[in-house]
Amino acid sequence: MNALSGPRFLLALWRTNLLSVMEYRASFLAQVAGMFLNNTAFLAFWAIYFQRFHQVHGWRLDDVVLLFGVVAAGFGGATCLFGNVVRLATVIVEGELDYYLSLPRPALLHALASRMVPSGLGDLLFGFAALAVVGVGSPEEALRFALGAALGATVFVGVLTTVHALSFWTGDSSLLAGTVMQGLILFSTYPLAVFDGWTRFLLFTLLPAAFVGAVPAGLVRSFTWQGLGELTLAAAVAMTVAIVLFRRGLAHYQSGSALQVRL
Amino acid sequence: MTALAPARKYVAISRIQVRAALAYPLDAVGRAIAIVLFVVVFLHLWRATYQVTGRTVAGLGLRDVVWYFAIAEVVMLSQPRTAPLLAQAVKDGSIAYQLVRPYRFLLFHLSARVGDTLPVLALTLVAGAGAAWLSVGAPPDWRGVALLPVELPLAWLLNFLMSTSIGLLAFVAEDTTAFEWIYNKLLLVAGGVLVPLDFFPGWLRGTAALLPFASTTYAPAHLFVRPGGPGAIGLLALQLAWIAALGSVTWALYRHGLRRLVVNGG
């Protein structure tokens, strides 16, 4: 296996996923457009809020739109490219891992990248539309936006994979994972400045929503190497914990002996 | 046989659905956790807001807003989901079996959805009220608490009628998912869940207040915190008017759907 076989394998998976979801063209487009509108509704909330209050702890409408854009692009990218991250616990408890373990590819990567969530594309598009709305100052800003969203997505995938991987020991952890996902999205789309004390501490540690939203968004407008370093470190830690836990969990995995045919 | 005999089967249907919901409680637990998370986030947002603006905005203080939000979220999280069930039944043809059974189709769904949502309503109410109480103290007005047994069923009924109407559109549109999404977003924004209508700009507040979305979420939440306010009677009257109007729409869509239905095979 040469060095390029990994990326080529991923590209092939993503291409197949895209063709698969586009099989039902109308449903695919409805989900993409629906998610775009869904996010727009939340911005309507913020527009009404700031029309009345103008700013909250220094955050204005533009800052929140940018924050929402970074989170949407990161979350959308993650669920487009690694769609099984939202249902990995089900993959584990229903024995679907048998399929991935039987092939000469990294099981976790293969499992995560084997599904695309169509609405994720709506999130991704919304993210870049939000960037356009707040006004891209320069190509560097757009690049920093994409980099921030990608690192935020890595933190998101790492944390969710970790919680889903608990299924190896605890049985189905879907409910916990769903709650963590909801918490990550919820807390990452609100101005970090409104959180203080223990809540703020948790957002940088146990539920690292700050690294999914506020920190990547901060890189776009006021870039610092330290900020980038912290975000990269957070992404590396999140993914390392996820990979180590998943590998250890495999020792506890009990095959579902499910007969699966993939066409 | 007494005059109440026909009602018994619908009560039985509700009871069966309550048991089914209690047998699989994870969904209800998930929603209870969600409401706690929502209240925590909103507490932080509005506390930060009130630190800047002062004690009250448009007549509402921090305690009012947090309790308002908790009640509005209880309505959101315990809404009956008739639309996907009806759309699925139309798509897979099982609606043909439902229509010939010895019950009234719409009453069956009404009683079944009551059963589905009662445990969720109870759990989210306890979790949401608990989180609000721990955050900002007791409810602002106990008359609002007394009104809740009236207001929550009215809001639930509005949600049911809207969701059923959307589901019945499946006779025409087949896939109703997009309508459901739009309806939920309208509840969140125009229904005043995320920001009370009291904070809307004047021109938008007047229009939004007249829509059924406000009667579904804003009315119960606002009446909980301001039950004796000047517009209280008006809010209640508007809710009843929307129930009558949407009830008629639901009935008309049902009759229209029956006329379009073609059942093949045996």
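Trp46(A) sits in helix H2 of chain A, helices here being DSSP runs of H or I with at least four residues, numbered from the N terminus. The model is a predicted one, so local features need pLDDT of at least 70 and side-chain atom pairs count only at pLDDT 80 or more, while totals for chains, interfaces and linings use all residues. Residues are numbered from 1 along each chain as its sequence is written, and chains are lettered from A and ligands numbered from 1 in the order in which they are written.

Trp46(A) counts as buried because 22 other C-beta atoms lie within 10 Å; the cut-off for buried is 20 or more other C-beta atoms within 10 Å of the residue's own, with C-beta atoms placed from the backbone. Leaving aside residues up to four places away in sequence, Trp46(A) touches Leu61(A) and Val64(A), where contact means C-beta atoms, placed from the backbone, within 7 Å. Leu121(A) is 75 residues from Trp46(A) in sequence and 23 Å from it in space, C-alpha to C-alpha.

Over in chain B, helix H12 (residues 232-260) runs for 29 residues. From first C-alpha to last, H12(B) reaches 42 Å, close to the 42 Å expected at 1.5 Å a residue, the expected span being 1.5 Å times one less than the number of residues. The buried residues of H12(B) are Leu235(B), Gln239(B), Trp242(B), Leu246(B), Thr250(B) and Gly257(B). Their cover includes helices H6 (105-136), H7 (142-168), H8 (170-173) and H11 (212-225) of chain B.

Definitions and conventions:
Helices (H or I, at least four residues) and strands (E, at least two) are DSSP runs, numbered from the N terminus. A residue is buried if 20 or more other C-beta atoms lie within 10 Å of its own, exposed if 12 or fewer, and partly exposed in between; C-beta atoms are placed from the backbone. Two residues are in contact if their C-beta atoms, placed from the backbone, lie within 7 Å.
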